[in-house]
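Student: Please take one part of this model and go through it closely. I would like the cut-offs stated as you use them.

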Amino acid sequence: MTRHVVWDRGVSLPGHRLWLDPLVVRTFAFISHAHTDHARRHREALLTPQTLALIPEARRPRGWRMLGYGETMARGRASVTLLPAGHMLGSAQLFFEHEGVRLLYTGDIKLRQPGTRTPTPIPRAEVLIIESTYGRPHFRFGDPDSTIESIAMWCRRALDSRVAPVLLCHALGKTEEIMLALAPYGFQFALEKRCVPCAQAYAVAGSPLPDWIELNGGEAPGRVVIAPPAGKDEVRRLGRYRTALVSGWAKDAEFARLFGADATFDLSDHCDFDELVEVVERSGADQVYTVHGYTEDFARHLRRRGVRAWALEKPEQLLLAL
Ligand SMILES: [Zn+2]
C-alpha cells in the first residue's frame with residue numbers, strides 16, 4: 001500500500017489518510033513549508049514549529065501537530081520523520097516507513113547551501129516523490145558561494161557610485177536568506193513593504209536578520225534595497241537605481257526579460273537540474289514520482305536513465321516559483 005501514490009490536488013498516500021501539501025483543505029495534511037502555494041487551513045496539519053511561525057494567523061491550519069527535524073511520530077502502523085529540505089526556514093522533507101518500504105517526499109528542496117550551513121540529508125528510500133520545478137537541463141546554477149560573492153560585489157559597486165542596488169527576490173524565504181548570506185559583507189538593508197511582514201516573521205520564527213529598515217516612499221542611501229520581482233512602483237521612487245533578479249529563472253532568457261532587470265543572478269532556493277538527479281541517485285529509489293514545474297520532462301529524463309519514473313501531476317502552466 002505504501003507504494004501507492006496518487007495525485008488529487010495534492011499528493012495522497014491512500015490507505016494512510018495522509019496528504020502531502022494538498023491544495024484544498026483536508027483532514028490531515030503535511031505542510032512542507034510556509035509558501036502560500038503549500039499552506040492551507042487543514043483540520044490538522046503536520047509541520048515544523050518554524051513553518052507554523054511563518055504562516056500568518058489568518059491562514060493557519062485549524063489544528064496542528066508540530067514535529068522538529070529528526071523527530072519521528074507514529075501514523076497507524078507507519079512512522080513519519082521530518083528532515084531538513086534546505087529550501088527556506090522550517091522547510092521539511094517527509095520520510096515515511098511502512099512494513100519495510102521507505103518513501104521520501106522532498107517538498108521544495110535545495111541541496112547546495114551557501115556558507116557553512118548543514119547539507120540537506122537524503123535518506124535511502126524505495127519510493128521517491130520529488131519536486132521538479134527546474135527539471136530541464138538548461139537549469140544549471142553556479143556555485144552558491146561564488147554567486148553570493150558576485151551579488152555582494154555588484155551591490156558594493158552600485159553603492160560606491162551612489163546608485164541604489166535593488167535585489168528582486170521573493171518576499172518570503174528568498175529575501176531573508178539573501179540577507180543572511182550577505183550579512184558577512186556588512187551591508188544594511190531597506191525592504192519594500194511586501195517583504196516587511198516576512199522579515200518580521202523570520203525573526204519571530206527564530207532567525208534574526210541583519211540591520212534593516214522599511215523602504216518608506218523615498219530613498220535609502222547606503223542601503224541594499226530588496227523588493228519582490230513584480231510591481232516596481234516603490235522602486236521607481238528611488239531615483240538612481242539598478243535592479244538584479246535573484247532567481248533560478250535567471251537561466252531562462254524569456255523570464256529574465258519579463259522582469260526587465262539590469263542584471264540576473266542564478267541563486268535559487270530550489271535544486272537545479274543536476275541536483276534533482278543527485279537527489280534521485282542518493283535516494284536509490286526504484287520508483288519516482290515528479291511534482292511541480294517540468295514534471296513530464298524530468299520523468300522522461302529519469303526513464304532514459306533507467307529509473308521507473310512518472311509525472312504525478314499534469315503539466316501546469318509555467319509556475320513562477322521565484
Ligand atoms: Zn517553496
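Over which ring does the charged end of Arg75 sit, and how far is it from the ring's centre?

Tutor: The charged end of Arg75 sits over the ring of Phe28, 3.9 Å from its centre. The model is a predicted one, in which local features need pLDDT of at least 70 and side-chain atom pairs count only at pLDDT 80 or more, while totals for chains, interfaces and linings use all residues. Residues are numbered from 1 along each chain as its sequence is written, and side-chain values use heavy atoms, without hydrogens or water.

A charge sits over a ring if NZ of Lys or CZ of Arg is within 6 Å of the ring centre and within 35 degrees of the ring normal. Arg26 also has its charged end over a ring, that of Trp19, at 3.7 Å from the centre.

Strands (E, at least two residues) and helices (H or I, at least four) are DSSP runs numbered from the N terminus, and two strands pair if DSSP finds at least two bridges between them. Strand 7 pairs with strand 8 (residues 78–84) in the antiparallel sense over 4 bridges; Met73 has Val80 of strand 8 as its bridge partner.

Rings of Phe, Tyr and Trp (its six-membered ring) pair if their centres lie within 6.5 Å, with planes under 30 degrees apart counted as stacked, over 60 as edge-to-face and the rest as tilted. The count by this rule is 10 aromatic pairs. Phe30 and Tyr105 form an edge-to-face pair, 6.1 Å centre to centre with 85 degrees between the planes. Phe30 lies in strand 4 (residues 28–30) and Tyr105 in strand 10 (residues 101–105), so this pair ties together parts 75 residues apart in sequence. Phe30 and Tyr105 are both buried (under 20% relative accessible area; exposed is over 50%, partly exposed in between, with a 1.4 Å probe and protein chains only).
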